[in-house]
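Try each task before you read its solution.

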Amino acid sequence: MKKYPGFTLVELLVVIAIIAIFAVMLLPALNQARDKAYETNCKSNQKQVGLAILAYESSFHLYPVLADNATTNSSLNTWSHDLYKYGMLSSTKTLFCPIARMFATGDYRKYCDPGHKESAAQNPATVWYYRYASYGFNPLIASTPTKPVNSKMVRNPSCKVLVADSLTTTGGNYRPASAITWYNHATEQMVHMRHSHMSVANLLFTDGHVEGMKNARNIVQNPTFPSTPNTNNPYMSPNK
């Protein structure tokens, strides 16, 4: 029987080195593709949230109540829980950006993980879990218990942010927020640029389209915008 010579040690090491070089060359492209997939999934989630809000408005003729603290709602309901409670969401998993949990700290990480039992995705009956879903509502457009707001009251809807990737870092505890402010707060209710190497935030606009906006925080929450609620923020004020 004819015998064929095997690889020498040097040849084997050369092959391994070539494979390693190709792996290093391909890794950035693979990471970029993965990040783009996360961003696309997040956009799809926000689109579904937008359809749920539209269904809510169609049924009740107003936008959901923000209700992110006891002064607006004693039961601590949030706008996202109301979408679930009234059957507007087919799945509460759509409230979770696939990478939001990566930025959360401490116990907040499990609340932000749609696969964890202590999250709104796995335990939708627990109201306060919804406070740690991935997206924040625009409080200038949200209804209140005494002041209903609907799409007919919003000027230039294609420019008005309704829902956005959100983040709060108060006390060094990182987690999403159920609202976003209309000004540039240092630690609370920020538009979170969590995509494309921390340069892009996904935004759902009042007309229903979703956009990945580069440098979104400094645009939507420009440091020059005043903190007074009657601000003329062109991206968040319904009257602007």
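**Exercise 1: Ser143**

The backbone nitrogen of Val149 lies 2.9 Å from a polar atom of the Ser143 side chain. This is a predicted model, where local features need pLDDT of at least 70, side-chain atom pairs count only at pLDDT 80 or more, and totals for chains, interfaces and linings use all residues. Residues are numbered from 1 along each chain as its sequence is written, and side-chain values use heavy atoms, with hydrogens and water left out.

Task: Where does Ser143 lie, and is Ser143 buried or exposed?

Solution. 
- Step 1: Find the loop between β1 (135-137) and β2 (161-167); Ser143 lies there. Strands are DSSP runs of E, at least two residues; helices are runs of H or I, at least four; both are numbered from the N terminus.
- Step 2: Ser143 counts as buried, because its relative accessibility is 2%. Buried means under 20% relative accessible area, exposed over 50%, partly exposed in between (1.4 Å probe, protein chains only).
- Step 3: List the contacts (heavy atoms within 4.5 Å). Beyond neighbours within four places in sequence, Ser143 contacts Leu62, Tyr63, Pro64, Val65, Leu66, Pro148 and Val149.

**Exercise 2: Asp113**

Task: Which residues does Asp113 touch, not counting residues up to four places away in sequence?

Solution. 
- Step 1: Go to the loop between α3 (108-111) and β1, where Asp113 is found.
- Step 2: Asp113 has a relative accessible area of 23%, so Asp113 is partly exposed.
- Step 3: With residues up to four places away in sequence left out, Asp113 touches Arg101 and Ser119.
- Step 4: Compare with Ser134: 21 residues from Asp113 in sequence, 9.6 Å in space, C-alpha to C-alpha.

How values were computed: A polar contact is a pair of N or O atoms within 3.5 Å; within protein, one must be able to donate a hydrogen and the other to accept it, and residues adjacent in sequence count only if both atoms are side-chain atoms.
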